[in-house]
Amino acid sequence: MEDEEKWLAEGIAAIQHNAFYMSRALDSNNLREALKYSALLLSELRTSKLSPHKYYELYMRAFDELRKLEMFFREEDRHGCSVIGLYELVQHAGNILPRLYLLCTVGSVYIKSKEAPAKDILKDLVEMCRGIQHPTRGLFLRSYLAQISRDKLPDLGSEYEGEGDTVMDAVDFVLQNFTEMNKLWVRMQQNGPVRLKEKLEKERSELRDLVGKNLHVLSQIEGVDLEMYKDVVLSRVLEQVVNCKDEIAQYYLMDCIIQVFPDEYHLQTLETLLGACPQLQPAVDVKTVLSRLMERLSNYADSSAEVLPYFLQVEAFAKLSSAIGKVIEAQVDMPVVGAISLYVSLLTFTLHVHPDRLDYVDQILGACVKRLSGKAKLEDSKATKQVVALLSAPLEKYTDIVTVLTLSNYPRVMDHLDAGTNIIMAKIIIESIMKNDTCVSTADKVEVLFELIKGLIKDLDGTATDELDEEDFKEEQNSVARLIHMLYNDEPEEMLKIICTVRKHIMAGGPKRLTFTVPPLVFSALKLVRRLQGQDGDMAGEEVPATPKKIFQLLNETIEALSLVPSSELALRLYLQCAEAANDCELEPIAYEFFTLAFVLYEEEVADSKAQVTAIHLIIGTLQKMSVFGVENRDTLTHKATGYSAKLLKKPDQCRAVYACSHLFWVDDQDGIKDGERVLLCLKRSLRIANAAQQQANVTRGSSGPVTLFVEILNKYLYFFEKGNPHITPAAIQSLIELIRTEMQSDATTPDSASDAFFSSTLRYVQFQKQKGGVMGEKYGPIKV
């Protein structure tokens, strides 16, 4: 590397030295001296010691000096020699490389003078340059020729067109130069040690733009219209690409063709361009070439709706699909990821150009299934990523899962994913539904959807829920729960079918998932029940399959599965919800049955004392709202609730549950129960329990607990007193107030600011009611605070 720097420095120094003398000769209009020093200067480009990168630096120094020389050649009055004479004169330079550089420089002036047809001079120059066969030197020489001639081509509307000079001559010149440059570039390939080969390939890559520049010049020629491109340019360029049999050159040049020529040309010559792909070397990255072509065509389709008919006219999809099939067939060793990435590009193209052709989309997915069939589940992360991209594309385009559910090959592609990726894809599908607020409204579609997201609904082969992160698992199951609410149909019969379909799938999900998935299903079914409210439950099942009775039967079986998980507290809550819905439908036997099931669960499964407290309050609260029960059934359930309340573990919990039961005997509705005597019994019983709790605290801690329970009971007395319960008298309230005061003044009672504040607030309320006057004021009159 140090040697190379030294050689470059020496070369630059020699160029600068000779450039100085050349400039002096130019200033004194001395043609002979100028040619002598310019030839010496150009002789430095004969070196073989520099890498392409360093050679380029040297070349640019020489190029700058040749610009000055060209300016001098143009001014005949300064050197006194005709341009034809100059053309002859420079051919006497000693070495071939300086001679050809000088010849090209004079040739540029010769064309500009128009003393000879441009095509003859260009043909002469391009032929002469064959004298340099060293790859690096030859490439830079021809690059110089391309540079100085690009603005002097006989193009359409150019000053050099006419008198026998045509666009075809310009195209021939550029193509010939391109062909020769490509041959030189390909000759640089080396078969030898790997390290040396890598170095040479890197050097070759540095020179590729010199070759590609010719194609850029071709694309800029105004006279190259579609017909000429189709008949001449493309066929000759592709012939060179295919025949060079060099993988680096083939890949780069195919990419160049795609990038430099207009999209319209690609569309109209698609068959020719695609026909070259299977003929390329097996090591060429054809998938990237095709992907870039499809990307350009997709963008072209997006640019204007007016171009879309042309895509149909040339049958773009069929040609691209066929070409991809041939490439995959020809490249037996192509990895799965390569094939799938081609299908992803084709699918992206199709969704841009033919979004309405779902058959095309399904065809691509089918081709992907065919490629994956016979292979084990995908484990290559890159291939997996491509399959996820393939499956995500239709979701993003259609923003409607219902459209995607019509694609028969969609689930078949998903079957090839491993369990982990299947879950990722299922989450993407659910996210799409939630984001676009999509409603799935038929049982058939729900069936397909749940097949797609089965990775979230049940354990697939090779996964166990035990291995999953707890937080991730909860998030996944919550997303399934949200999804269930997106399944809806206005027709009760179809909605029931949807519920049955969902139930079938989630019941197979294992006990760990049921606690997440059963509640939304139950609430979805209860929503349907309320829509059917008032429908006669005894109608023939054949005529009206969706009846509340039938749905409640289904719910009973569903919640029963929860109680076996066990998740008894959740099951109990759901039984109570069902009982409330049955009450709204006026189905007394069904409501009673759900309450019975709730009590059985409470007795047999709910063991934790805190859970018992919560459960009994839920039972009491739900039972209070029930209006469907006859006297006998209500008494039975109320008796049960009161009995369980008194059996809670802690006395304060017993007390609160028992006074809550008082509401079961006094319901404010028009036809509600108003059994004042039993309300009083409940309150007195809760008072006894509160008293027992105080004594128990005195025994265990040496001091009574706070009087909060008594104040809570006092508030219940006041509530029923205001409601007009004749058994709650001012005297009873007065004695309770006195009892609380006595307890608070007792030495055994633990002082508690919260209890004191609660009691004071209650007394202020009584005082407020007394002062308010009216009927309520009269009622509160006898009570002294």
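Helix H26 (residues 470–484) contributes the largest share of a patch of negative charge, namely three residues, where helices are DSSP runs of H or I with at least four residues, numbered from the N terminus. The model described here is predicted, so that local features need pLDDT of at least 70 and side-chain atom pairs count only at pLDDT 80 or more, whereas totals for chains, interfaces and linings use all residues. Residues are numbered from 1 along each chain as its sequence is written, and side-chain values use heavy atoms, with hydrogens and water left out.

The patch lies on the surface and gathers Glu 431, Asp 469, Glu 471, Asp 472 and Glu 475, of which Glu 475 lies in helix H26. Such patches are made of residues with over 30% relative accessible area and no salt bridge, like charges being joined within 9 Å and nonpolar side chains (Val, Leu, Ile, Met, Phe, Trp, Tyr) within 5 Å. Accessible areas come from the Shrake-Rupley method with a 1.4 Å probe, and for residues only the protein chains shown count as cover. Asp and Glu count as negative and Lys and Arg as positive, while His and the chain ends are not counted; the place of a charge is taken as NZ of Lys, CZ of Arg, CG of Asp or CD of Glu.

Salt bridges, defined by a side-chain nitrogen of Lys or Arg within 4 Å of a carboxyl oxygen of Asp or Glu, number 30 in the whole structure. In one of them, Arg 530 pairs with Asp 584, with the closest N and O atoms 3.1 Å apart; this pair links distant parts of the chain, Arg 530 in helix H28 (residues 511–531) and Asp 584 in helix H30, 54 residues apart. Arg 530 is partly exposed, with a relative accessible area of 34%, the term covering values between buried (under 20%) and exposed (over 50%), with a 1.4 Å probe and protein chains only.

Helix H30 (residues 568–584) also holds Asn 583, which is buried at a relative accessible area of 7%. Leaving aside residues up to four places away in sequence, Asn 583 touches Ala 591, Lys 625, Met 626, Ser 627 and Val 628, contact meaning heavy atoms within 4.5 Å.

Most residues other than glycine have a negative phi. Asn 29, however, has a positive phi of about 55° and lies in the loop between helix H1 (2–27) and helix H2 (31–43). Thr 399, with a positive phi near 45°, is found in the loop between helix H20 (381–398) and helix H21 (401–404).

Conventions. Helices (H or I, at least four residues) and strands (E, at least two) are DSSP runs, numbered from the N terminus.
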